[in-house]
Amino acid sequence: AKIAKFKGMTRVIIDIKNKTNYTLSNDFLNNLVNFNINNLNSKWVEYYINSNNKINFDYCIYLTIKNIVAMPEKIKETHYTQSKEIEDGWEYELDRNGNVKKDTSGNDIKRPKIVTISCNITELHQHKEVHIDASVDYFDIKTNNIVLTKPIEADQFYDYIYAVAFGDLRALNPETKKIVGLPPQAFPTDMNMIYSAGDIIKKLAIDVLRDNKYFIK
């Protein structure tokens, strides 16, 4: 019975292909297929990640990295003004003739002095993005054909906003106050963002494998 089951098993190797112009480290590529495959295995199907030359595989599932686009760093500059009316001391209330009004006790009537203050803001928005196109390709070794392809893609964005203000800072709204005075930041490297996008690709690939585990019998 054990021999019959051994001969009847379908064996699948999961591998990775880099078809991009980027030189991707082995650590990065190996990490993409470094996940638990136990929940993919079934009674008659076994999955492998580390290839053993002594095993005759029936299928190879490639996680193919097809294209990586790292967009150039951008800094967008925006100029705007914020204004606000505030109380600034007091002033006498005058009648139509320009005389100071009196209350019923004969005292001068005062009122808050309202002034408009303003502040000019230069807002700087740092932006960078990376996009990865990939696919999960099911290759039938016996027929030498790809029998199923599932495209996947991932985006990684970096955004950072800071601002410089000129004028009366009391005119700023709460949102602007949070970014005024923040220092500029160094952009992440292309590879740092590629690694982060790679983590998304890895999760999507696992989803594809799980959703199509019964495709291979």
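Which residues make the nonpolar surface patch of about 370 Å²? In this predicted model, the patch is made by Trp90, Tyr92, Leu94 and Val100. Leu94 is found in the loop between strand 4 (74-92) and strand 5 (110-140), and its relative accessibility of 44% places Leu94 in the partly exposed class.

Strand 1 (residues 10-18) and strand 2 run parallel and are joined by four bridges. Within this pairing, Thr10 stands opposite Val45 of strand 2. Strand 2 (residues 45-48) has two contrasting faces: Val45 and Tyr47 form the covered one, whereas Glu46 and Tyr48 form the uncovered one. In a regular strand, side chains alternate between the two faces of the sheet.

Helix 4 (residues 190-211) comprises 22 residues and reaches 31 Å from its first C-alpha to its last, close to the 32 Å expected at 1.5 Å a residue. Its buried residues are Met193, Ile194, Ala197, Gly198, Ile201, Lys202, Ala205, Val208 and Leu209. These buried residues pack against strand 1, helix 2 (26-32), strand 3 (59-70), strand 5 and strand 6 (145-167). Helix 4 also contains both Arg210 and Asp207, three residues apart, about one turn of the helix. The side chains of Arg210 and Asp207 meet in a salt bridge with an N to O distance of 3.1 Å. Arg210 is partly exposed at 43% relative accessibility, and Asp207 is partly exposed at 30%.

The structure holds ten salt bridges. One of them joins Lys142 to Asp58, with the closest N and O atoms 3.4 Å apart. Lys142 lies in the loop between strand 5 and strand 6 and Asp58 in the loop between strand 2 and strand 3, so the pair ties together parts that are 84 residues apart in sequence. Lys142 is exposed, with a relative accessible area of 68%, whereas Asp58 is buried at 13%. A further salt bridge is formed by Arg111 and Glu91, the closest N and O atoms being 3.3 Å apart. This pair links distant parts of the chain, with Arg111 in strand 5 and Glu91 in strand 4, 20 residues apart. Both partners are partly exposed, Arg111 at 40% and Glu91 at 29%.

Asn144 is found in the loop between strand 5 and strand 6 and has a phi near 60°, a positive value in a residue other than glycine. Most residues other than glycine have a negative phi. Asn144 is exposed, with a relative accessible area of 55%.

Key:
Residues numbered from 1 in each chain as written. Predicted model: local features only at pLDDT ≥ 70, side-chain atom pairs only at ≥ 80, totals over all residues. Heavy atoms only, no water. Buried < 20%, exposed > 50% of the residue type's maximum accessible area, 1.4 Å probe, protein only. Pairing = 2+ DSSP bridges. Patch = residues over 30% accessible without salt bridge, like charges linked within 9 Å, V, L, I, M, F, W, Y side chains within 5 Å. Areas by Shrake-Rupley, 256 points an atom, 1.4 Å probe, with all protein chains shown as cover. Salt bridge = Lys/Arg side-chain N within 4 Å of Asp/Glu carboxyl O. Expected span 1.5 Å × (residues − 1). Contact = heavy atoms within 4.5 Å.
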